[in-house]
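Dear colleague,

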Amino acid sequence: NLNKSCALIIGNGLDNSVMNVLNKQAISVQQSIKYLGIEFDNELKFESFYTSIKTKLNQAIGVIAVLRNKLTTKPLMNFYFAHFNSHLSYATFILIKFSSKDIQSLQVLQNRIIKLIHKLPPTTSTNLLYSQHANNVLPVMGLIFMSICTHVKKSLLECDDALIYFEKLRSTRTKLLKLKESNTNIR
C-alpha cells in the first residue's frame, strides 16, 4: 500500500534530498517507523521501544496489584506470561542493545511482579525468588541468553548441510548435532 509506505534511512547522515520512488510515486522519508510493534529510528537507538515496554510492564504490575488478593497464584502466573513475559520475550534481540542499567530496571520490574504474584514482602531476596517461587520464570538476562542460544541453534541447523547433519539413535530417538569429518587440516 503506497499510502502507508515510507522509507527509513539508517545512519547519522540523513539526507533529505534522497528521493524514493515506487511505481512512479514518491515515498516519504521518516525519522522513525513502527514495524510489527517495534519503533525503529534512523540511529537504531530504540529509546521509544524501551519507553513503551516499560509502560506496558508497569501496567501489568498495576493489574496484578489489584488482582493478587482476589485470585490464586496460577491465574496470576497465566496473566504474567500473557501480559508481562510476552512483552519481555517478544523482542529480546533488541534488549541486547540496551544498557546494563536499562536491563537492570526491567529486572526490577520483573522481580516486583513476581513478588506481588506470590504475595511476598518487597524485601524478599531475589537470589531465592526464581529458584523457590518462580522456578519456571527466567530473569531478563536469562530470556536474552535463551534468545541468543535459540538463534545460534537455528543458524547452525540451517547452515550448510555438508557441515552439519543429524544422526538418529535408535535407542533414544533423539537428535544429536554432529560435525561431518573433513579431509583437510584447515577445517
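The model is predicted. Its mean pLDDT over the chain is 79, and 78% of the residues reach at least 70. Confidence is highest in helix H4 (residues 100–117), with a mean of 93, and lowest in strand S6 (residues 164–168), where the mean is 49.

Helix H4 packs with helix H2 (residues 73–90); their axes lie 10 Å apart, at an angle of about 170°. Since angles over 145 degrees count as roughly antiparallel, H2 is therefore roughly antiparallel to H4. The crossing of the two helices is right-handed. On the H2 side, the contact is made by Thr73, Leu76, Met77, Tyr80, Phe84 and Leu88. H4 contributes Leu106, Leu109, Gln110, Ile113, Ile114 and Ile117.

Gln30 belongs to strand S3 (residues 25–30). Beyond its neighbours within four places in sequence, Gln30 is in contact with Cys6, Ala7 and Leu8. Ala7 is 23 residues from Gln30 along the chain, yet their C-alpha atoms are separated by 6.0 Å. With a relative accessible area of 32%, Gln30 is partly exposed.

Cys6, one of the residues in contact with Gln30, is also partly exposed, at 32% relative accessibility. Cys149 has a relative accessible area of 37%, and is therefore partly exposed, because that class lies between 20% and 50%. With a disulfide taken as a pair of cysteine sulfur atoms within 2.5 Å, the count is 0 disulfides.

Conventions: Residues numbered from 1 in each chain as written. Predicted model: local features only at pLDDT ≥ 70, side-chain atom pairs only at ≥ 80, totals over all residues. Heavy atoms only, no water. Buried < 20%, exposed > 50% of the residue type's maximum accessible area, 1.4 Å probe, protein only. pLDDT = per-residue confidence, 0-100. Helix = DSSP H or I, 4+ residues; strand = E, 2+ residues; numbered from the N terminus. Contact = heavy atoms within 4.5 Å. Axes fitted to C-alpha atoms, helices over the stretch in contact; angles between N-to-C directions. Parallel < 35°, antiparallel > 145°, perpendicular 65-115°, else oblique. Left-handed = near helix turned anticlockwise from the far one by under 90°.
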